[in-house]
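Subject: Structure for you to look at

Hello,

Here is the structure I said I would pass on. Please open it first, then read the notes below it.

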Amino acid sequence: MSLLPAVANIWVLPAAVPYLAIAGYDFWLHETDRQVPRSESIFHVTIAVSVAAFLALAALGLNGAAAVALTVLLVAALIDELRFHGSLPAREKRLHYLGGGGLAFCVSVWLWTI
C-alpha cells in the first residue's frame with residue numbers, strides 16, 4: 001500500500017523505464033540482427049500494444065483493465081518465448097531474462113500502489 005494513494009500510480013511509468021529500454025534494444029536487434037517470421041511479429045505487436053495499454057491504464061488507476069492488459073501481455077510473451085525463442089543465441093536469451101526482470105519490477109511497483 002502506498003503512503004500517497006492519490007499519486008501512487010505515477011510511479012508505474014518511471015518503474016517501466018528499465019523494461020522499456022531493454023525491450024527497445026531487443027526490438028532494434030530484431031530490425032538489425034535477425035529477421036523475425038510474420039507469425040512472430042504478430043506476437044510482438046500484441047505484446048507492444050498490451051504494454052502500452054497496461055502502462056496507460058495502470059498510470060490512470062484503472063487497475064481492473066490494467067490487469068486484463070497485463071494478462072494478455074503475459075500470455076502473448078509466454079507463447080512468443082516458448083514458440084520462437086528456444087534456439088536464440090545466449091546473449092539474446094539473457095536480454096529476454098533482463099527484460100522479464102524489468103517487467104517484473106514494473107508490475108511489482110504497480111501492485112504496491114494498488
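In which hand does α4 cross α5? The crossing of α4 past α5 is left-handed. Please keep in mind that this is a predicted model.

Start with that pair of helices. Two packed helices are described by the angle between their axes and by the distance between those axes. Here, α4 covers residues 63-84 and α5 covers residues 90-113, and they pack at an angle of about 165 degrees with axes 13 Å apart. An angle over 145 degrees counts as roughly antiparallel, so α4 and α5 are roughly antiparallel to each other.

The residues that make this contact are as follows:

- From α4: Asn 63, Ala 66, Ala 67, Leu 70, Leu 73, Leu 74 and Glu 81.
- From α5: His 96, Leu 103, Val 107 and Trp 110.

Sorted by class, the contact between α4 and α5 has eight nonpolar residues, two polar ones and one charged one.

Next, the largest pocket. Its volume is about 650 Å³. The lining of this pocket has 25 residues, and those closest to the pocket centre are Tyr 19, Ala 23, Asp 26, Ile 47 and Ala 77.

Which helix gives the most to the lining of the largest pocket? That is α2, with eight residues. At least two lining residues come from each of α2 (17-32), α3 (38-59), α4 and α5. By class, the lining of the largest pocket has 15 nonpolar, seven polar and three charged residues.

Regards

How values were computed:
Residues numbered from 1 in each chain as written. Predicted model: local features only at pLDDT ≥ 70, side-chain atom pairs only at ≥ 80, totals over all residues. Heavy atoms only, no water. Axes fitted to C-alpha atoms, helices over the stretch in contact; angles between N-to-C directions. Helix = DSSP H or I, 4+ residues; strand = E, 2+ residues; numbered from the N terminus. Parallel < 35°, antiparallel > 145°, perpendicular 65-115°, else oblique. Left-handed = near helix turned anticlockwise from the far one by under 90°. Contact = heavy atoms within 4.5 Å. Nonpolar A, V, L, I, M, F, W, Y, C, P; charged D, E, K, R; others polar. 1 Å grid on protein atoms, 1.4 Å probe; cavity = no way out; pocket = protein on both sides within 12 Å on 5 of 7 lines; lining within 4 Å. Points joined across faces, edges and corners; volume = space filled by probe spheres on them.
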